[in-house]
Amino acid sequence: MAAVELEPITPENVRAVCDLRVAPGQEHLVAPNAVSLAEAYVYPQAWCRAVRSDGRLVGFVMLWDSPDELGHMLWRLMVDASAQGQGIGRQVVALVADHVRAQGVGVLRVSTVEGEGSPAPFYRSLGFVPTGEMADDEPVHALTL
């Protein structure tokens with residue numbers, strides 16, 4: 001499994017991040033990266049990173065990085081169709097969990113789209129458990145760090 005690194009979004013990589021695409025049929029599961037970056041522009045709580053594996057740009061992650069009512073929530077995670085199935089998502093979640101843990105926070109949360117192709121089983125396989133809460137009509141799962 002190739003090592004994964006997170007890097008800031010910069011003028012040099014922003015267009016390439018926007019060009020990343022999920023596999024066909026997954027478009028309803030995560031917003032396009034350009035939309036996520038636009039949201040990050042207006043929400044200072046957003047923490048965004050490009051994902052690299054073996055030096056190649058392969059994904060995007062965004063965290064609601066604030067101690068407010070949302071807590072620390074994994075807001076967006078996408079891996080380009082060309083890089084799916086290689087364990088990249090697992091590594092990204094681990095890196096985000098490390099970032100949150102380093103802030104002294106003990107829980108990382110995520111909400112998931114329900115239905116066909118839902119990422120909920122993926123998050124449960126990482127130790128996230130349903131909380132019974134909803135965020136934007138999506139069930140919330142939490143990982144104790």
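## Lining of the largest pocket

By class, 21 nonpolar, 11 polar and four charged residues make up the lining of the largest pocket. Here Ala, Val, Leu, Ile, Met, Phe, Trp, Tyr, Cys and Pro count as nonpolar, Asp, Glu, Lys and Arg as charged, and the others, Gly among them, as polar. The model is predicted: local features need pLDDT of at least 70 and side-chain atom pairs pLDDT 80 or more, while totals for chains, interfaces and linings use all residues. Residues are numbered from 1 along each chain as its sequence is written, and side-chain values use heavy atoms, with hydrogens and water left out.

The volume of the largest pocket is about 990 Å³. A pocket is an open set of points on a 1 Å grid over the protein atoms alone where a 1.4 Å probe fits, with protein on both sides within 12 Å along at least five of seven lines; lining residues have an atom within 4 Å of a point. The volume is the space filled by probe spheres set on the points, which are joined across faces, edges and corners. The lining has 36 residues, and the closest to the pocket centre are Leu29, Val30, Leu77, Pro119 and Tyr123.

At least two lining residues come from each of β4 (72-79), α3 (88-102), β5 (107-111) and α4 (120-125). With seven residues, β4 gives the most. Helices (H or I, at least four residues) and strands (E, at least two) are DSSP runs numbered from the N terminus.

## Cysteines

The count of disulfides (cysteine sulfur atoms within 2.5 Å) is zero. Cys18 is in no disulfide, and the nearest cysteine sulfur, that of Cys48, is 10 Å away. Cys18 is partly exposed at 22% relative accessibility, whereas Cys48 is buried at 10%. Buried means under 20% relative accessible area, exposed over 50% and partly exposed in between, with a 1.4 Å probe and protein chains only.

## Aromatic pairs

There are five aromatic pairs. Rings of Phe, Tyr and Trp (its six-membered ring) pair if their centres lie within 6.5 Å; planes under 30 degrees apart are stacked, over 60 edge-to-face and the rest tilted.

Trp64 and Trp75 form an edge-to-face pair, 5.3 Å centre to centre with 70° between the planes. Trp64 lies in strand β3 (residues 56-65) and Trp75 in strand β4, so the pair ties together parts that are 11 residues apart in sequence. Trp64 is buried at 8% relative accessibility, and Trp75 is partly exposed at 24%. Tyr43, Trp64 and Trp75 form one aromatic cluster.

The ring centres of Tyr123 and Phe128 are 5.3 Å apart and their planes stand at 75°, so this pair is edge-to-face. Tyr123 and Phe128 are both buried.
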